[in-house]
Amino acid sequence: MRGYGALLLAPLVLVACVSGGGPGAGPSASASATASATGGAAPGPGPADTGVIDADPARLPGTRKEALGLIRRIIANPATFGPGVVERRPYESDPATWPVLGTDCVWQQKKPQAHVLATLSRYFEVPAAGGKGPLRLSAVVTVHRTRDDARWEMAESVEETMRCPTQQLSQGEFIGSMIASSLARGESQESAEDALFEAGQYQNEELGGGPYPYSWYLSQTLQFTVAVTGKGAKGWSDAEIDALTNQAHSAMLQDLETAVEKQS
């Protein structure tokens, strides 16, 4: 099995740079950048090979039950991020819901689209201590029906960033001033077919406003997408947040490979 180090997501391809003090964010990838550049045209068929993972077709989920079972085996838990990380409440999203960015640039939970076989989010926190505020983290794994459906999720994410430079996550919670970079396999990362990194500013009225550092990672391989988010707080640096999110993101990709690769 190939080992995964931390994703090297240097900002090689600038997808969006939004100025201003307000919040805003979204996802993307090289397939995403292609879709944006071609006016939203559908990504072409994927390469003939199965990508980074030499997958066993018999181990790939074909039903919602199988997909949810696989997600629960690979999605992060507190230990995946490292010491000091605990569960938040609620710990898990409702698997019957899917986050959608509305035309008003406010995120809402809606029924998953037909191309989503299953999806699940988990929420974590490093409690406030030592002069630092509570750092909020999340992990998301989504299983699409096809590889192209997963690639479309990446593409749509770029368009969301451009459409909504300021986004509301929940009441009193915003993201903005985003810089996004997308990397295809071989462009300083070898652990996914496509990867996106976004950094920006996070504002939360409950935590005293901000802005605080914000980072978001999204990777796609086969029919899967894996994402991790870090929402900063008082006293937290970009490097500290990146260390936690990188660790969890890389671990989930490795666990995904272990779950579906061909057995020798």
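Me: How many cavities of 30 Å³ or more does the count come to?
Reply: This is a predicted model, in which local features need pLDDT of at least 70 and side-chain atom pairs count only at pLDDT 80 or more, while totals for chains, interfaces and linings use all residues. Residues are numbered from 1 along each chain as its sequence is written, and side-chain values use heavy atoms, with hydrogens and water left out. A cavity is a set of points, on a 1 Å grid over the protein atoms alone, where a 1.4 Å probe fits but cannot get out, and the points are joined across faces, edges and corners. By this rule, the number of cavities of 30 Å³ or more comes to one.

Me: Which element gives the most to the lining of the largest cavity?
Reply: Lining residues have an atom within 4 Å of a point, and those of the largest cavity are Ser93, Asp94, Thr97, Trp98, Pro99, Gln109, Thr119, Leu120 and Ser121. With three residues, the element that gives the most is β5.

Me: What volume does the largest pocket have?
Reply: A pocket is an open set of points with protein on both sides within 12 Å along at least five of seven lines. A volume is the space filled by probe spheres set on the points, and for the largest pocket this is about 1100 Å³.

Me: Is His144 buried or exposed?
Reply: His144 has its place in strand β6 (residues 135-144). Buried means under 20% relative accessible area, exposed over 50%, and partly exposed in between, with a 1.4 Å probe and protein chains only. Because His144 has 0% relative accessibility, it counts as buried.

Me: Which helix holds Leu244?
Reply: Contact means heavy atoms within 4.5 Å, and, leaving aside neighbours within four places in sequence, Leu244 is in contact with Phe81, Val85, Val126, Leu135, Leu137 and Trp236. At 14% relative accessibility, Leu244 counts as buried. The helix that holds Leu244, running over residues 238-260, is α5.

Me: What distance does helix α4 reach from its first C-alpha to its last?
Reply: The expected span of a helix is 1.5 Å times one less than its number of residues. Helix α4 (residues 147-163) has 17 residues, for which 24 Å is expected. Close to that value, the distance that α4 reaches is 25 Å.

Technical notes
Helix = DSSP H or I, 4+ residues; strand = E, 2+ residues; numbered from the N terminus.
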